[in-house]
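These are my notebook entries on one protein structure. I record what I looked up and what I found.

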Amino acid sequence: MTEDEIFAAVRASVGPDLPPPATESAVAEAEEAVGYPLPPLLRRLYLEVGNGGFGPRGGVIGVRGYDFWARDIYPDITASALELRTEPSGRWSGMVQLMDWGCGIASLLDCRASAGAMWGWDPNRCCFQHALFPQDISFADWLADSLGRGFYDVFYDGYFDVPVEDADDIEPVGLKADEDEEEENPAPGCPLPG
């Protein structure tokens with residue numbers, strides 16, 4: 001699907017309770033907090049469709065002025081960008097939490113590239129060191145994938161196919177620790193950095 005087709009499909013799929021579109025100043029404030037422009041499709045959705053409330057399960061978080069849901073960790077992506085920038089290693093800089101799935105699980109958007117790479121965060125399957133992992137999908141493809149789906153598997157089909165007790169047999173995904181950093185007591189079933 002092209003971005004125009006994805007935009008049209010998202011616009012056609014939203015319900016009557018969608019928040020009104022965001023203001024240009026709120027989107028600009030979010031981009032300033034992130035330090036990078038938002039992917040053009042997301043920017044357009046915020047400005048022309050709604051300030052959040054679309055996408056998988058209607059759960060994409062908006063910019064300032066977003067109608068904060070009680071389950072969301074951050075009130076908007078601007079707040080998440082400001083907090084993620086302060087992570088000591090700097091590896092989260094340029095990212096925003098785009099969706100809170102509940103139970104500490106989230107989808108993050110990396111704005112350092114214009115396509116916007118999607119990342120997953122799930123501290124329940126392992127330890128914090130391995131909780132962040134790339135999804136190998138752009139924001140537009142992630143959004144297109146969500147159209148007409150219930151998203152019972154949080155991130156992608158097969159996400160829960162590997163039981164936690166079998167995690168010792170798989171390579172860790174996501175960002176690896178620096179070679180100097182060894183985790184002394186990883187969570188049970190959590191692979192050590194490789």
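**Overall layout**

I counted the secondary structure first: the protein has five helices and four strands. By definition, these are DSSP runs, with helices being H or I of at least four residues and strands E of at least two, numbered from the N terminus. Along the sequence I read the pattern α-α-α-α-β-β-β-β-α.

I note that this is a predicted model, in which local features need pLDDT of at least 70 and side-chain atom pairs count only at pLDDT 80 or more, while totals for chains, interfaces and linings use all residues. Residues are numbered from 1 along each chain as its sequence is written, and side-chain values use heavy atoms, with hydrogens and water left out.

I looked up burial for the protein: 47% of its 194 residues are buried. Here, buried means under 20% relative accessible area, exposed over 50% and partly exposed in between, with a 1.4 Å probe and protein chains only. I then looked up contacts (heavy atoms within 4.5 Å). Of those between residues at least 6 apart in sequence, 51% join residues at least 24 apart.

**Entry: helix 2**

I asked which residues of helix 2 are buried. In helix 2, residues 24-34, these are Ala26, Val27, Ala30, Glu31, Ala33 and Val34. They lie on the same side of helix 2, because they cover an arc of only 160° around the axis; the arc is that of the directions from the helix axis to the C-beta atoms. Ser25 and Glu32, on the other side of helix 2, are exposed.

I next recorded the packing partners of the buried residues of helix 2: helix 3 (40-48), helix 4 (77-84) and strand 1 (95-102). Just after helix 2, I found Gly35 with a positive phi of about 90°.

**Entry: Thr78**

I located Thr78 in helix 4. Its relative accessible area is 1%, so Thr78 is buried. Setting aside neighbours within four places in sequence, I listed the contacts of Thr78 as Glu29, Ala30, Ala33, Val63 and Arg64.

**Entry: helix 3 and helix 5**

Two packed helices are described by the angle between their axes and the distance between the axes. I found that the axes of helix 3 and helix 5 (residues 139-146) come within 8 Å and cross at roughly 55°. Axes are lines fitted to C-alpha atoms, for helices over the stretch in contact, and angles run from 0 to 180 degrees between N-to-C directions. Helix 3 and helix 5 are therefore oblique to each other; angles under 35 degrees count as roughly parallel, over 145 as roughly antiparallel, 65 to 115 as roughly perpendicular and the rest as oblique.

At this contact, I saw Leu41, Leu42 and Leu45 of helix 3 meet Phe139, Ala140 and Leu143 of helix 5.

I also looked up Tyr46, which is found in helix 3. Tyr46 counts as buried, at 0% relative accessibility. Its C-alpha atom is separated by 7.2 Å from that of Gly62, 16 residues apart along the chain.

**Entry: aromatic pairs**

How many aromatic pairs does the structure hold? I found three. Rings of Phe, Tyr and Trp (its six-membered ring) pair if their centres lie within 6.5 Å; planes under 30 degrees apart count as stacked, over 60 as edge-to-face and the rest as tilted. The rings of Trp92 and Trp121 have centres 5.3 Å apart and planes at 65°, so this pair is edge-to-face. Trp92 lies in the loop between helix 4 and strand 1 and Trp121 in strand 3 (residues 117-121), so the pair ties together parts that are 29 residues apart in sequence. Trp92 counts as buried at 11% relative accessibility, and Trp121 is buried with a relative accessible area of 16%.
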